[in-house]
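These are my notebook entries on a single protein chain.

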Amino acid sequence: MEKLILVNSCMRAESCTRRLMERARMLLAERYDIEEIDVNAVALTPVTPEIQSERSAGKVAEHIVSMARRIAAADRIVVAAPFWDMSFPSVLKVFIENMSLYNVTFADNGKSCVGLCRCERMLYVTTRGMDIKTGSALEQGSTYLQALSALWGCGEVITVAAHNLDYCTPEEKEARLAEAEQKLAELCQVF
């Protein structure tokens, strides 16, 4: 069975993003061995100048190297994160910084970055309270993950989002979430 890493950056227990993440997990569990990494529980620290100096000297905590290696070995990656300050929660950015390890998730060829991850496709699951669509200049989460995929060599990034959830009736909100769940159901058949 192929390996899937589920990066959970949900901020609330009852979040709409968590609902979509759980739907994706259920759909993908039939085909993948899923390992969840809850970035809130892992609680990594930002890469400070001191940490960067240690990393440059080859000193990286073993639990960070281990997680980065598991990410590099995954066949698929799913990132679940709510819309937060025009992209996603900072805890996810800190996690990504820590996982971007030279000679683990990426390297270089003397001219440019070379991704070392096995992943061929990445899925970004998100919800937005405002009426901001994927690809808007106001939404930087999906473009950030596309850049990350280029660095790590993760292939295509697919975004499934429900948006404008805070400014609608409960019935409209439910319909928008159901539409996103349907997109996930279709996508997960070929992901």
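I began with the accessibility scale: a residue is buried under 20% relative accessible area, exposed over 50%, and partly exposed in between. I also noted at the outset that the model is predicted.

**Entry: positive phi values**

I recalled that most residues other than glycine have a negative phi. I therefore looked for exceptions to that rule.

M86 is one of them, with phi near 75°, a positive value in a residue other than glycine. I placed M86 in the loop between β3 and α5. Its relative accessible area is 32%, so M86 is partly exposed.

N164 also has a positive phi, about 60°, and is not a glycine. I found N164 in the loop between β7 (156–162) and α7. Since its relative accessibility is 14%, N164 counts as buried.

**Entry: S87**

I then turned to S87, which is found in the loop between β3 (76–80) and α5 (90–99). Is S87 buried or exposed? It is buried, because its relative accessible area is 17%, below the 20% limit. Not counting residues up to four places away in sequence, I recorded contacts of S87 with P82, Y124, Q140 and G141.

**Entry: V7**

I located V7 in strand β1 (residues 2–8). V7 counts as buried because its relative accessibility is 5%. Leaving aside neighbours within four places in sequence, I listed its contacts as I37, V39, I77, V78, V79, A80, L92 and F95. I also checked V7 against I71: the two are 64 residues apart along the chain, and their C-alpha atoms are separated by 9.6 Å.

**Entry: L44**

I found L44 in the loop between α2 (39–42) and α3 (49–56). At a relative accessible area of 14%, L44 is buried. Which residues does L44 touch, not counting residues up to four places away in sequence? I noted H63, I64, M67, V94, F95, N98 and M99. For N98, I recorded a C-alpha to C-alpha distance of 7.5 Å from L44, across 54 residues of sequence.

**Entry: α4 against α5**

I described each helix pair by the angle between the axes and the distance between them. The axes of helix α4 (residues 62–73) and α5 come within 9 Å and cross at roughly 90°. The two helices are therefore roughly perpendicular to each other. In this contact, I64, M67, A68 and I71 of α4 meet F95, N98 and M99 of α5. By class, I recorded six nonpolar residues, one polar residue and no charged residues.

**Entry: α5 against α6**

I next examined α5 with helix α6 (residues 141–152), which pack at an angle of about 10° with their axes 12 Å apart. K93, I96 and M99 in α5 meet Y144, L145, L148 and W152 in α6. By class, this contact has six nonpolar residues, no polar residues and one charged residue.

**Entry: α1 against α7**

At what angle do the axes of α1 and α7 cross? I noted roughly 25° for helix α1 (residues 16–28) and helix α7 (residues 170–188), with the axes coming within 10 Å. That angle makes α1 roughly parallel to α7. From α1, the contact is made by C16, R19, L20, R23, A24, L27 and L28. From α7, I listed K173, E174, L177, A178, A180, E181, L184, A185 and C188. By class, the contact of α1 with α7 has 11 nonpolar, no polar and five charged residues.

**Entry: cysteines**

How many disulfides does the structure hold? I found zero. C10 is in no disulfide, and the nearest cysteine sulfur, that of C16, is 10 Å away. C10 is buried, with a relative accessible area of 4%.

I recorded C188 as buried because its relative accessibility is 3%. C188 also belongs to the α7 side of the contact with α1.

Methods
Residues numbered from 1 in each chain as written. Predicted model: local features only at pLDDT ≥ 70, side-chain atom pairs only at ≥ 80, totals over all residues. Heavy atoms only, no water. Disulfide = S-S within 2.5 Å. Buried < 20%, exposed > 50% of the residue type's maximum accessible area, 1.4 Å probe, protein only. Axes fitted to C-alpha atoms, helices over the stretch in contact; angles between N-to-C directions. Helix = DSSP H or I, 4+ residues; strand = E, 2+ residues; numbered from the N terminus. Parallel < 35°, antiparallel > 145°, perpendicular 65-115°, else oblique. Contact = heavy atoms within 4.5 Å. Nonpolar A, V, L, I, M, F, W, Y, C, P; charged D, E, K, R; others polar.
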